[in-house]
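Subject: Handing over the two-chain model

Hello,

Here is the structure we talked about, passed on to you with its sequence. Please have it open while you read the notes below.

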Amino acid sequence: MSTREKSQGDVGRRDFLKLFGAAGAAGAAASTLPLGGSASADEIMAATAANTKHHRVAAATTPHVGGSGYEFFNVDESAFIEAAVDTLLPSDSTGPGAKELGVATYIDRQMAGGYGKGDRLYLEGPFGEGTPEQGYQLPMTPSELIRAGIADVNAFVQKNHKSTFDGLSAKDRAAVLSDLESEKIELPTVPTATFFGLLLQLTIEGYFADPMYGGNKDRAAWKMIGFPGADAMYMDKIEPFRNRPYKAEPKGIQDLI
Amino acid sequence: MATKLNAVDVLIVGLGWTGGIIAKELASTKLKIVALERGGPRDTNPDFIDPQIHDELRYAARYDLMQNVRRETITFRNRESQTALPMRQLGSFLPGQGVGGAGVHWNGVTWRWLEWDHQARTRTVDKYGEKIIPSDMHLQDWPITYDDLEPYYDKFEKTCGTSGKAGNINGRKIDGGNIFEGSRKDEYPNPPMIAAQSMVMFEKAARNLGYHPFPNPSSNASRDYVNPDGVAFGQCHYCGFCERFGCEANAKASPHFTVIPLALENPHFELRTNSIVLKVNLDSTRKKAVSVTYLDARGREFEQPADLIILSAYALGNVNLLLHSGIGVPYDPATGRGVVGRNYAYQCGGGATAFFDKETILNRFMGAGALGTTMDDFNGDNYDFVKAGYIGGGGISCSNSGARPIQSHPTPHGTPRWGSEWKKAVVDNYDHAASVGNQGAVMAYRQNYLSLDPTYTDVFGRPLMRMTFDFQDNEVKQMNGQADICVKIAKEMGATKVDRSIPPVPYSIVPYQSTHNTGGAVFGADPNTSVLNKYLQVWDVPNVFVTGACVFPQNAGKNPTGPVGALAYWAVDAIKNQYLKNPGPLVPS
């Protein structure tokens, strides 16, 4: 465990005690939080707020996995992201869903880190819309784009469904995402296709990236497709396994150190 | 105010393959050499070790080893009537940064270009007449032939430990190698790599159709190897984390463990990393370079005088430096005059994705960057230009470079992009799909060029370079014609479903296509249509030499690093044996 994670865990424990005493309605949430100090203050706040604000036990009783809570997202945003990734890659008979594999945590960390802050993005003006062939031209970092897009979608859903996005049924959430994808919904702040594209890109990344980034818990997405992961040394296997299945328990980078 | 440093004999800008080769080859001269590299130092250990290097997100999706466009980028437009806008994030191509340059993260495919590629105009006119060349196409010969370069191709292959099978030794055609290649003096230094299942299927299908497939020439060593310089290579692990990654095994040839350490053994050589060169300074005659201006990691400005300056940055970086330095006349498409930025070219891909039934197991993740089978039956002038309707063609191949799942999860056309149906399609096809792809040549045109942007600047305050580029009719016909051939082969491989695809037209800077940017500072026999003479020496400023893919008059249907490396050996030979003995123009202009 890194120093950073450790200190978060410590803060989490302190705040947990405070919260546990203060918020009577948080009992259900608190009882399902991970033990051992891995929940941060934000995470507990998120779980508590989600429970009280939206009166939904389901979200609060689902523990966060594979991470130490939300560094970037506020409670409304994390509720949106969890619901969105759960809709984009749901748990089904094919395999695990993005939410249960920690993809919301992955996206949160990406938004809080260098990528989300545009550390490899040219952001000098002037800004013009350009042609599709000229690519991304917004004066926004990925984290600014995601934040603004979530607010846009939540406002749309509030207006049209009298609910937050995460409060919708699975079917209705899928319908909203479809309308975003096809640009039937026009978001006021961010270009709909750009926002949806980034959301989907991040979801697929988190699902298939090495588990150390917070998603792909227990290498479950790799198991699902048969990708052996970071433990990759095939010079003596490529010929004998021609047209024959190669079965290996996938390994992440941290499993090999 | 720049701090002026003590003069050196030779200054090298950019330390990748070509800068590394030149630095190493000049060690015997005892001259004082300084190399300035804009990125940081890198070494196999600790930078590329296993398992940490097997990280798709960091290296392939987040471009950890690439140029950071926050500091320097280009602007782009398809045509002159548009306003160019910045390439705000990487996409279509991925220039490297740091010691070793793009030579660290390349695939390792190491071609000799076809004889036609070296004499494209003469051979086309001889066979088809002038009329077949579109009026806006700048089809130009190299100033040297394949035969001139053959010994240097050989030298580079041996430096890299290239694994392959010759198809033409001293004019004798050899089945199983590339029978279309120019005559070689010697076999490859290592035998071909082990073919993956998809390649076995491709080879059989291509042969059934009467074509001539052969294993890619690969600088991913097929066995342990010691090159003529005494550098040890490990056998390739087929780990599938190759292009976009550094190699943990020192199996993928890279300058960072071959030529550069040898250059560093020279006590007269000094490497300064994190040093970004802003421009080359000329004297009042504008015929002689006197120094370069550069910034160190702390932003301090230095002037480094030197007698001889080698521009060996990435292709686009070299043209950028020439434009910022006022070396050579910038190209003006309106008048057709000027040469710097002229003949920028690229490549066009596309092809077929072949989906197989579940009994066909490919183990795609057992791969290597250069692991593939190719055929040149529709490349160079190995086919009929008139019948096909296009010039240039491309190599058609089935590659098995890995199956990293963020970026490689093939699904048939029509599959939703998300949801349960997408998940099922990903699982059903992940290890049962192969691609048959075209690496198409792109010719040079009057309207495709590089220049300086009037609006946008880099973090150092310099104008960004502006790319004006689009695919022209010849290339659109080519990508379509070649894709049809790919579809035919995919069907012959036994695919249950075949999806055909071509790159976006107009050309888009967004999706990854190829890091084979060429031209902008081409070499040639005529100073009116080239920046450099046949020794890669600037016509107008003879104490500046320029290396890299920017020297190619047009692109080929092949990866560029083979001729890029060979030409670095060719140029440094001329520098050592001709220029240093009598500094001045090596070819009268």
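This is a predicted model: local features need pLDDT of at least 70, side-chain atom pairs count only at pLDDT 80 or more; totals for chains, interfaces and linings use all residues.

**Chain A**

Chain A has 10 helices and 0 strands, so that its elements, read from the N terminus on, run α-α-α-α-α-α-α-α-α-α. Of the 257 residues in chain A, 46% are buried. If you take the contacts in chain A between residues at least 6 apart in sequence, 63% of them join residues at least 24 apart.

Helix H5 (residues 75–88) of chain A packs against helix H8 (residues 170–181) of chain A at an angle of about 85°, and their axes are 10 Å apart. Because angles of 65 to 115 degrees count as roughly perpendicular, H5(A) is described as roughly perpendicular to H8(A). On the H5(A) side the contact is made by Ala83(A), Thr87(A) and Leu88(A), which meet Ala170(A), Arg173(A), Ala174(A) and Leu177(A) in H8(A). Sorted by type, the residues of this contact of H5(A) with H8(A) are 5 nonpolar, 1 polar and 1 charged.

**Where the chains meet**

Between the two chains, 54 residues of chain A are in contact with 60 residues of chain B. On the side of chain A that touches chain B, helix H9 (192–208) and H10 of chain A each supply at least two residues, and the largest share, 4 residues, comes from H9(A). The residues on that side of chain A divide into 32 nonpolar, 10 polar and 12 charged.

In helix H11 (residues 419–429) of chain B, the buried residues are Lys423(B), Ala425(B), Val426(B) and Asn429(B). These residues cover an arc of only 165° around the axis, and therefore they lie on the same side of H11(B). What covers the buried residues of H11(B) includes helix H10 (220–225) of chain A, together with strand E16 (351–355) and strand E19 (433–441) of chain B.

**Strand E14 of chain B and its partners**

Strand E1 (residues 3–4) of chain B runs parallel to E14(B) and is joined to it by 2 bridges, with Lys4(B) standing opposite Glu303(B). Strand E2 (residues 8–13) of chain B also pairs with E14(B) in the parallel sense, over 5 bridges, and here Leu11(B) has Ile309(B) as its bridge partner.

Strand E13 (residues 289–295) of chain B, by contrast, pairs with E14(B) in the antiparallel sense over 5 bridges, and the bridge partner of Thr293(B) is Glu303(B). The hairpin of E13(B) and E14(B) has 5 residues between the strands, and in it Gly299(B) takes a positive phi near 85°. Strand E23 (residues 544–546) of chain B pairs with E14(B) in the parallel sense over 3 bridges, where Phe545(B) is the bridge partner of Ile310(B).

**An open sheet in chain B**

Chain B also holds an open sheet of 4 strands, with mixed pairing and the order E5-E4-E21-E20. Its edge strands are strand E5 (85–86) and strand E20 (449–457) of chain B, each of which pairs on one side only. Strand E4 (residues 74–77) of chain B pairs with E5(B) in the antiparallel sense over 2 bridges, and Thr75(B) has Pro86(B) as its bridge partner in E5(B). Helix H9 (residues 315–325) of chain B packs on this sheet, where it touches E4, E20 and strand E21 (463–468) of chain B, and its direction makes about 120° with that of E21(B).

**A single loop residue**

Lastly, please look at Gln52(B), which is found in the loop between helix H2 (44–47) and helix H3 (56–61) of chain B. Why does Gln52(B) count as partly exposed? Gln52(B) has 19 C-beta neighbours inside 10 Å, whereas a residue needs 20 or more to be buried and 12 or fewer to be exposed. The C-alpha atoms of Gln52(B) and Leu15(B), which are 37 residues apart along the chain, are separated by 25 Å.

With best wishes

Terms used:
Residues are numbered from 1 along each chain as its sequence is written. Chains are lettered from A and ligands numbered from 1 in the order in which they are written. Two strands pair if DSSP finds at least two bridges between them. The arc is that of the directions from the helix axis to the C-beta atoms. Two residues are in contact if their C-beta atoms, placed from the backbone, lie within 7 Å. Axes are lines fitted to C-alpha atoms, for helices over the stretch in contact, and angles run from 0 to 180 degrees between N-to-C directions. Angles under 35 degrees count as roughly parallel, over 145 as roughly antiparallel, 65 to 115 as roughly perpendicular and the rest as oblique. Ala, Val, Leu, Ile, Met, Phe, Trp, Tyr, Cys and Pro count as nonpolar, Asp, Glu, Lys and Arg as charged, and the others, Gly among them, as polar.
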